Amino acid sequence: MSGGRVATETDIASAASSRRYAENAPYVHKVGMPPKQSLFQEFTFMFKETFFHDDPLRPFKDQPRSRKLQLGIQAVFPILDWGRKYKLHMLKGDLIAGLTIASLCIPQDIGYAKLANLDPQFGLYSSFVPPLIYAIMGSSRDIAIGPVAVVSLLLGSMVQKEIDPKHKPEYQRLMFTATFFAGVTQFLLGFFRLGFLIDFLSHAAIVGFMAGAAITISLQQLKGLLGVKTFTKKTDIVSVMRSVWTNVHHGGKKNKKLFWVPAIAPLISVIISTLCVFITHAEKKEASIPPSVHKIHFTGSYVAIGFRIGAIAGMIGLTEAVAIGRTFAAMKDYHLDGNKEMVALGSMNIIGSMTSCYVATGSFSRSAVNYMAGCNTAFSNIVMSLVVLLTLELITPLFKYTPNAILASIIISAVVGLFDYEAMILIWKIDKFDFVACMGAFFGVVFVSVEIGLLIAVAISFAKILLQVTRPRTAVLGKIPRTTVYRNIQQYPEATKVHETSVTIASTDDIVFSEIMKLELFFSRILRLLADEEEEQKANSLPRIQSLIVEMSPVTDIDTSGIHALEDLYKSLKKRGVQLALANPGQIVLDKLHTSDFANTVGDDKIFLTVGDAVMTLAP
């Protein structure tokens, strides 16, 4: 009787204790199963998030047909929107800004045209037609449009490899063809909303590319500064310095007493040009912009060459313009649609190629001056264009008399700012791999060629993206004291690991495997961390690890290879007597886990809302 009575009391006490634990234990939330989506719904969602993430059709919602038509026209021609709201008090800022950037762009355009191996007037053409088109179609209030040093150098170096600049008609035809295809590339990228492709050119790579281009551009001007008659067509520093060293004695003698002339060359050239116009009555010779649509190669062998050169120049121009536009848009707190900008830039270059212009884009130096001068809208570009037109009408016949030394000094002074050593130092401090991309682009431009430097920049940027995609990071998590939060123990040394029965591991990247290497890497890293933890447990005489919890919240997507990796991990752990558990998988991931039946394999009761819930259940 007593034995039976003791047994009964023990059972009663045990049951009461269990009830008290169950009543006092925190509630473990069940992970919600997302509603099943059809293939069409999944494809629609993916397509929308990839190409229409900014919901560009939102303003058209619930609008009458006439209003939708009006909004559609305004979307293509933003001038109809801001022009309708234009106030007289805004004119002062735009007028001053337009006159200011015109005074800056005129000497720069003449120099940049020389950089592209073109006559000076082509630089001014490119600061007249494209800015007018951009003012009609562009959405940035601050970008100043025109030729830029880097694109001019790129075009000049690539086109002269195909045709000698001495053969002007053929050279100009290929330049206009490249400009046409640069515009087509930009337009198509914007129209089909493929702007994300330019992100392959990282900021670090652009900094290095610009710095290398600044040195290359400056070196190219030694021909004009030193009066060298025969000069290399190559752009690398070794070839340029060899050419200078072997030909410098051919240059003319320099008058040291006139050292001050280059310093005030732009002002002197304007004064002298005005006097020459007055004396020679050059104002009677009308300067018109000649059409060039008949010069563009639409057939023949030069079409492919023009497309290749134009596509590269167009991408570089896009990267620079979009970066500039976003910078100033953020400073003035307004939204800039990158895809609309690409359509506008592409349209202006297509039209520009038909009006004797070469590739134009947003200029950082002129845009900064435009911003500082107080521009309010894109009307400042129209003002600049009109001033450039006036310049073309007055002094076009005098361009051939402009001294090369003055042009060279103007170019050098304009590109000095492209060498941003402060940005390089910051890149080194933030990300060493980014610094490698920066230096790769820099040395590629300086020691090989502009095209090779650009190729290196793209290759290193692409390699970085691949490494990030194919290298999932893993870390052991620990509990932050006095919380139920679990974080990386390397970032939070005070966090304590759950030693009793489990280890928590976090994957910080998507488990989307583009190649078998990542699958193996993910698999081996987790097993290696598990082995390290088991050795530590054994050394400290702690219980053997029974559960492995994988924190899934950083994983936004998973593919078939990723599912197979989890299945292999589950099987390997099962052989070791270790239970696999998952914490907080996202909707897309959970849906694919159920679709593949892996959720049933691991068990619904082993999928938890948080790491805390998993630890509380598996190691109470």
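Predicted model: local features only at pLDDT ≥ 70, side-chain atom pairs only at ≥ 80, totals over all residues.

Me: OK, and which residues of α16 are buried?

Reply: Arg 366, Ser 367 and Asn 370 are buried in α16, which runs over residues 364-372. Those residues sit on the same side of α16, because the arc they cover around the axis is only 100°.

Me: Why would residues a few places apart point the same way?

Reply: An α-helix has 3.6 residues a turn, so residues three or four places apart point the same way.

Me: Let's go inside. Which residues touch the most other members in the largest nonpolar core?

Reply: Leu 118, Leu 155, Met 175, Phe 209 and Val 388 do, in a core of 77 residues. The helix giving the most to this core is α14, with ten residues. Another core, of 26 residues, lies apart from it and includes Ile 558, Ile 563, Leu 569 and Val 589.

Me: Back to Leu 118, what is it in contact with?

Reply: Setting aside neighbours within four places in sequence, Leu 118 contacts Ala 113, Tyr 171, Gln 172, Met 175 and Tyr 358.

Me: I clicked on Ser 292. Where is that?

Reply: Ser 292 is in the loop between α13 (265-280) and α14 (302-332).

Me: Buried or exposed?

Reply: Ser 292 is buried, because its relative accessibility is 0%. Its side chain reaches the backbone nitrogen of Ser 356 at 2.8 Å. Leaving out residues up to four places away in sequence, Ser 292 touches Phe 176, Ser 353, Met 354, Thr 355 and Ser 356.

Me: Now Met 424. Which helix is that in?

Reply: Met 424 belongs to α19, residues 421-430. At 9% relative accessibility, Met 424 counts as buried.

Me: And what does Met 424 touch?

Reply: Not counting residues up to four places away in sequence, Met 424 touches Val 207, Ala 211, Phe 419, Phe 435, Cys 438, Met 439 and Phe 442.

Me: How are Met 424 and Asp 434 separated?

Reply: Their C-alpha atoms are 9.5 Å apart, and the two residues are ten places apart along the chain. Asp 434 is in helix α20, residues 432-447.

Me: So is Asp 434 buried or exposed, and what is it in contact with?

Reply: Asp 434 counts as buried, at 18% relative accessibility, where the cut-off for buried is under 20%. Leaving aside neighbours within four places in sequence, Asp 434 is in contact with Ala 204, Ile 427 and Lys 464.

Me: You mentioned a glycine with positive phi. What about Arg 482, what is its phi?

Reply: Phi of Arg 482 is near 65°, a positive value in a residue other than glycine. Arg 482 lies in the loop between β3 (474-479) and β4 (486-488), and it is exposed, with a relative accessible area of 84%.

Me: And Asp 597, what's its phi?

Reply: Asp 597 has a positive phi of about 70°, although it is not a glycine. You'll find Asp 597 in the loop between α24 (587-595) and α25 (598-602). At 38% relative accessibility, Asp 597 counts as partly exposed.

Me: Last one: how many residues of helix α26 are buried?

Reply: Six of its eight residues are buried, so α26 (residues 611-618) is largely enclosed by the rest of the structure. The buried ones are Val 611, Gly 612, Asp 613, Ala 614, Val 615 and Leu 618.

Methods:
Residues numbered from 1 in each chain as written. Heavy atoms only, no water. Helix = DSSP H or I, 4+ residues; strand = E, 2+ residues; numbered from the N terminus. Buried < 20%, exposed > 50% of the residue type's maximum accessible area, 1.4 Å probe, protein only. Contact = heavy atoms within 4.5 Å. Polar contact = N/O pair within 3.5 Å; in protein donor to acceptor, adjacent residues only side chain to side chain. Arc of directions from axis to C-beta. Core = buried A, V, L, I, M, F, W, Y, C linked by side-chain atoms within 4.5 Å.
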